[in-house]
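Work through the exercises below with the model open. Each task is followed by a stepwise solution.

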Amino acid sequence: MATDTKHTRPAGARPARSGPCYIAIANQKGGVGKTTTVLNLGAALALRGYRTLVVDLDLQANLTHCLHGLLPEGAPNMCEVILDEAPITDILMPTSTDNLVLAPAGESMANLEINLAAAIGREQALRNAFAHPALQEFDIVLMDNPPYLSLVTINSLVAAEHVLMPVSCEYLPMLGLKWLLKTIERVRARLHPDLGILGYLLTMYDLRIGITTEVEEILREQFGAAVFTTVVRINARHKSAPAEHQTIFQYEHSARGRGTEDHILLAQELLQRLHLPPRKRA
Ligand SMILES: Nc1ncnc2c1ncn2[C@@H]1O[C@H](COP(=O)(O)OP(=O)(O)OP(=O)(O)O)[C@@H](O)[C@H]1O
Ligand SMILES: [Mg+2]
């Protein structure tokens, strides 16, 4: 893969700053596990006692569907928040997991790009919306992104301190990664020089399939320690849990489930990378 390592830098200690840590979960390829990561990493952090906000920025509204079910037509959602037509506090929804709050997407997201294109300060709209004092109560904000380059993705990168990139163990997602790294480079050059890369996460990891080892070798050689040690293994329960509007923790009911285990380990590794202070378990 011809991805250039100059775009990456390891996550370092977080500069002293109040308020939550904002993380964009992104890859410009569909179906790599972005939404599944936001859902279950968010739940893992919440279960550890971190007040976690998960933000649905995808017009497919898959995250909203997983945690809540689709919003009624006309209900305000992240579209109105980004367009500054509603404060974020108007749309926050508790979930069935303590400490886990959802900022949902709805059908109006379909018109967001076109409306945002004409807005002044269009790349900073989400960052401005996140400046609401009520968000100070959160420790971590995870943003779920669409699988294509859009103004929404740019807004997410501008609002983020870090990017976490899920890569499913196939060839094409690595191309999505290459495109995203070019986007990150452009965002750093023009809008947000401090945007950091928190890491690359191997998802749908299945050692029975040869390409898994190939993708892992390529990524670890190319990006070294920036690739999370934790991998998220292939697990059919990740496909079934959304139908029940459940996180993998609720669906597996047991700390021994592999989806549960993987996301507990992922949360631990993420907290280490962020140097966040420990919290009591909820
Ligand atoms: N570890 C896993 N094992 C098996 N299936 C998985 C795993 N992770 C995700 N899936 C399934 O793969 C599909 C794609 O995952 P997901 O929706 O999280 O990807 P995405 O990157 O958000 O996709 P999109 O770009 O369309 O938003 C879903 O059906 C999901 O349930
Ligand atoms: Mg998704």
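**Exercise 1.** What is the mean pLDDT of the protein, and what share of its residues reach 70 or more?

*Solution.* This is a predicted model, where local features need pLDDT of at least 70, side-chain atom pairs count only at pLDDT 80 or more, and totals for chains, interfaces and linings use all residues. Residues are numbered from 1 along each chain as written, ligands from 1 in the order written, and side-chain values use heavy atoms, without hydrogens and water. pLDDT is the predictor's confidence in each residue, from 0 to 100. Its mean over the protein is 92. The share at 70 or more is 92%.

**Exercise 2.** Find where pLDDT stays under 50.

*Solution.* Go to residues 1-10. The model gives them 27 contacts (heavy atoms within 4.5 Å) beyond four places in sequence.

**Exercise 3.** Describe the surroundings of ligand 1.

*Solution.* Step one: count the shell. 18 residues surround ligand 1 (a heavy atom within 4 Å), and Lys 34, Thr 35, Thr 36, Asn 235 and His 238 are the closest.

Step two: list polar contacts (pairs of N or O atoms within 3.5 Å). A polar side-chain atom of Thr 36 is 2.5 Å from a ligand 1 oxygen. Gly 33 places a backbone N or O atom 3.0 Å from an oxygen of ligand 1. For a side-chain N or O atom of Asp 58, the distance to a ligand oxygen is 3.5 Å.

Alone, ligand 1 exposes 630 Å² (Shrake-Rupley method, 1.4 Å probe); the protein buries 84% of that.

Notes: A polar contact is a pair of N or O atoms within 3.5 Å; within protein, one must be able to donate a hydrogen and the other to accept it, and residues adjacent in sequence count only if both atoms are side-chain atoms.
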